Amino acid sequence: MTKPIDWDAATNEAVGILREYIRIDTSNPPGNEERAVAFLGGILASEGSTTQMWRRWSGSSGVSPPSAVMYAMDTSGGAEL
């Protein structure tokens, strides 16, 4: 029998992770995505996924699991949180 999902706990965990991630300064320039890469890579690794960090150019990097989920981690402009 499958254990039911505790949606309140899952929501709280997701919100906590998102809050931590948003607090990582990836302001562009220069980007400094390495801290965001390490953060997300650590979460994926803790869940048993292998990841690979890559660099598009100096000062810019990303992390992708085998499923090749990639996106920009740097931010520019925008309002203060």
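Which residue caps the N-terminal end of α1? Asp-6 does, with a side-chain oxygen 3.2 Å from the backbone nitrogen of Asp-8. This is a predicted model: local features need pLDDT of at least 70, side-chain atom pairs count only at pLDDT 80 or more, and totals for chains, interfaces and linings use all residues. Residues are numbered from 1 along each chain as its sequence is written, and side-chain values use heavy atoms, with hydrogens and water left out.

**Confidence**
- The mean pLDDT of the chain is 76, and 65% of the residues score at least 70. pLDDT is the predictor's confidence in each residue, from 0 to 100.
- Among the elements of the chain, α1 has the highest mean pLDDT, 95. Strand β2 (residues 60–64) has the lowest, 55.
- Where pLDDT is low, the predicted coordinates should not be read in detail.

**Layout**
- The chain has two helices and two strands, in the order α-α-β-β along the sequence. Helices (H or I, at least four residues) and strands (E, at least two) are DSSP runs, numbered from the N terminus.
- Of the contacts in the chain with a separation of 6 or more, 38% join residues 24 or more positions apart. Contact means heavy atoms within 4.5 Å.

**Helices**
- α1 covers residues 7–22, 16 residues in total. Its first and last C-alpha atoms lie 22 Å apart, close to the expected 22 Å at 1.5 Å a residue.
- α2 has 13 residues and reaches 18 Å between its end C-alpha atoms, close to the expected 18 Å at 1.5 Å a residue. The expected span is 1.5 Å times one less than the number of residues in the helix.
- Gly-48 follows α2 and has a positive phi, near 90°.

**Burial and core**
- Of the 81 residues in the chain, 21% are buried. Buried means under 20% relative accessible area, exposed over 50%, and partly exposed in between (1.4 Å probe, protein chains only).
- The largest nonpolar core has five residues: Tyr-21, Ile-24, Ala-36, Phe-39 and Leu-40. Helix α2 (residues 34–46) gives the most to this core, three residues. A nonpolar core is a set of buried Ala, Val, Leu, Ile, Met, Phe, Trp, Tyr and Cys residues joined through side-chain atoms within 4.5 Å.
- The buried residues of α2 are Ala-36, Val-37, Phe-39, Leu-40 and Gly-41.

**Glu-20**
- Glu-20 sits in helix α1. Glu-20 counts as partly exposed because its relative accessibility is 47%.
- Glu-20 and Ala-36 are 16 residues apart in sequence, and their C-alpha atoms are 9.7 Å apart.

Methods
A polar contact is a pair of N or O atoms within 3.5 Å; within protein, one must be able to donate a hydrogen and the other to accept it, and residues adjacent in sequence count only if both atoms are side-chain atoms.
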